[in-house]
Amino acid sequence: MRTFAHMSEIENFNDFKLKLKILSDELDGIEVLSPESLEQFRIKYIGAKNIFKDFGPMLKSISNEFKKDAGQSLNQIKDRAEGLFQSWQEKFVSDTTKTFLTFDSSAPGYSFETGSRHPISIVLNQIIDIFKRIGFTIAEDREIEDDWHNFTALNTPDDHPARDMQDTFYIKDSAQYLLRTHTSPVQARVMTREKPPIRIIAPGRVYRNETVSARSHCQFHQVEGLYVDEGVSFADMKQTLLYYAREQYGPDVKIRLRPSFFPFTEPSAEMDVYYGLADETAHRITKGTGWLEILGCGMVDPVVLENCGIDSTKYSGFAFGMGIERQVLIKYNVPDIRMLFENDVRFLKQFKGL
Ligand code: DAH
């Protein structure tokens, strides 16, 4: 039985304590002033490969008599390092929060330039607003249409000459799909999908294979209108369009309906508003007549109703379609339709606040 520790065991223990003491002094001298040095501290004293791990093998070689004492000293210094780390960490976190909360709210901020609405959107929104007030809802649909909805359902079969006036861009590899030439296919889509009463307007972009010039473009915008119910008459159409013209062009505006032809309406008409002949521009845009053509319209052809699954003996309806660009050019005196698609900010800026 041994009562006294062996000299070498004592030395071992003292050596261990000495190394801990050095480490403890080192901790006393550390001053962490930045998040970066805190991170260095963490790596050395707290992280997975911290310096205290080196003491593990040493602790093992210490005799049982001193082991408890040695282990406790090691734990104490580890706890101290942990405590220091936490207090610094809290300090840095609250420092950052403090800087955040004490920012100078009276300092001038960054300014964001507000954009302007595109003139086409301005006019489109006005038209939408006018029709919304009398119960029309908005129906939007695809710009890549199939042949059926763009032409055939609308009573314009393959060999119909009316197709020539609306040449467009077909999707490569499939002559079945094309960029819609008008918003009228939305009529066919809605009538196929819904039961009367139907009262919609369909604004959107349309395409045609046109040579681009000051007057025409290969892309433009239309608003379509459709009203189908029992007993809808030509008089209802006329009154609705008169209401539109008054809202858009002023209460004293005069309208006239001229007989026309569209494959999907019977009878069909074109509507003009009286613009006058006050100046040279008025002469030019009305071709000397004083009348400005603004839309096509008519009673939905019974064939179209049937194509879309609506009983034409029970229901009737009217439809109309108008181009937006021409109204924009006239309203804002824009000399060239191409200006509407070039997105030149010098042009667009002028519509600020409208
Ligand atoms: N879709 C015709 C076009 O683009 C315009 C039009 C005429 C639409 C008469 C209609 C309508 O709904 O009834 O030329």
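Me: Before we start, what counts as a strand or a pocket here?
Reply: Strands are DSSP runs of E with at least two residues, numbered from the N terminus. Lining residues are the ones with an atom within 4 Å of a point of the pocket. Keep in mind that we're looking at a predicted model.

Me: OK, which strand gives the most to the lining of the second largest pocket?
Reply: That pocket holds about 190 Å³ of space. Two strands, β7 (255–262) and β9 (291–300), each supply at least two residues of its lining. With three residues, the strand that gives the most is β9.

Me: How many residues of that lining are charged?
Reply: Have a look at the lining and you'll find Arg256, Asp272, Lys287 and Glu293 among its residues. The lining divides into three nonpolar residues and two polar ones, and the number of charged ones is six.

Me: Why is the pair of phenylalanine 131 and tyrosine 244 called stacked, or what is the angle between the planes?
Reply: Planes under 30 degrees apart count as stacked. The ring centres of phenylalanine 131 and tyrosine 244 are 5.2 Å apart, and the pair is stacked because the planes are at 15°.

Me: How many residues apart in sequence are the parts that this pair ties together?
Reply: Both phenylalanine 131 and tyrosine 244 are buried. Phenylalanine 131 lies in helix α5 (residues 119–132) and tyrosine 244 in helix α8 (residues 234–249), so the pair ties together parts whose separation in sequence is 113 residues.

Me: Is phenylalanine 264 buried or exposed?
Reply: Phenylalanine 264 forms a stacked aromatic pair with phenylalanine 262, 6.0 Å centre to centre. Buried means under 20% relative accessible area. Phenylalanine 264 has 11%, so it's buried.

Technical notes. Residues are numbered from 1 along each chain as its sequence is written. This is a predicted model: local features need pLDDT of at least 70, side-chain atom pairs count only at pLDDT 80 or more; totals for chains, interfaces and linings use all residues. Side-chain values use heavy atoms; hydrogens and water are left out. On a 1 Å grid over the protein atoms alone, a cavity is a set of points where a 1.4 Å probe fits but cannot get out, and a pocket is an open set with protein on both sides within 12 Å along at least five of seven lines; lining residues have an atom within 4 Å of a point. Grid points are joined across faces, edges and corners, and a volume is the space filled by probe spheres set on the points. Helices (H or I, at least four residues) and strands (E, at least two) are DSSP runs, numbered from the N terminus. Ala, Val, Leu, Ile, Met, Phe, Trp, Tyr, Cys and Pro count as nonpolar, Asp, Glu, Lys and Arg as charged, and the others, Gly among them, as polar. Rings of Phe, Tyr and Trp (its six-membered ring) pair if their centres lie within 6.5 Å; planes under 30 degrees apart count as stacked, over 60 as edge-to-face and the rest as tilted. Buried means under 20% relative accessible area, exposed over 50%, partly exposed in between (1.4 Å probe, protein chains only).
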